[in-house]
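These are my notebook entries on a structure that I had not looked at before. I wanted to look up its charged pairs and then its surface.

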Amino acid sequence: MTDTDRIDTLETRIVHQDEVIEDLNKTVIAQWKEIDRLTRQVAKLGEQYATMAQTMGPDPDDGAPPPHW
């Protein structure tokens, strides 16, 4: 293998590695956006649940035995 062949092989590898790195970077960015969206959605749902729990008040049957007892 000549030096020119070795250099060509290395350059080809570098090009492929750059493409893979760019693809991985795009994937990571997309995943972070999705994680951020889901995190905001979970926080919003938690707030909605807390609001609903306060609106409904305590359960009047809480702690009482079921009617069949």
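I began with the term itself: a salt bridge is a side-chain nitrogen of Lys or Arg within 4 Å of a carboxyl oxygen of Asp or Glu. I noted that this is a predicted model, where local features need pLDDT of at least 70 and side-chain atom pairs count only at pLDDT 80 or more, while totals for chains, interfaces and linings use all residues. Residues are numbered from 1 along each chain as its sequence is written, and side-chain values use heavy atoms, with hydrogens and water left out.

Entry on salt bridges. How many salt bridges does the rule give? I found that the count comes to three.

I looked up Arg40 and Asp36, whose side chains meet in a salt bridge at 3.1 Å, N to O. The two are four residues apart in helix 1, so about one helical turn separates them; helices here are DSSP runs (H or I, at least four residues), numbered from the N terminus. For exposure I used relative accessible area, where buried means under 20%, exposed over 50% and partly exposed in between (1.4 Å probe, protein chains only). Arg40 counts as exposed because its relative accessibility is 51%, whereas Asp36, at 41%, counts as partly exposed.

Next I took Arg37 and Glu34, which form a salt bridge with their closest N and O atoms 2.7 Å apart. This pair is three residues apart in helix 1, and so is separated by about one helical turn. I noted Arg37 as partly exposed, with a relative accessible area of 39%, and Glu34 as partly exposed too, with 36%.

I then turned to Asp3 and Arg6, where the side chains meet in a salt bridge at 3.9 Å, N to O. About one helical turn lies between Asp3 and Arg6, because they are three residues apart in helix 1. Asp3 counts as exposed at 55% relative accessibility, while Arg6 is partly exposed at 47%.

Entry on the nonpolar surface. Which residues form a nonpolar patch on the surface? I found Val28, Trp32 and Ile35, with about 320 Å² of accessible area together. Patch residues have over 30% relative accessible area and no salt bridge, with like charges joined within 9 Å and nonpolar side chains (Val, Leu, Ile, Met, Phe, Trp, Tyr) within 5 Å. The areas come from the Shrake-Rupley method with a 1.4 Å probe, and for residues only the protein chains shown count as cover.

Ile35 counts as partly exposed because its relative accessible area is 43%. Lastly I noted that Ile35 and Asn25 are 10 residues apart in sequence and 15 Å apart in space, C-alpha to C-alpha.
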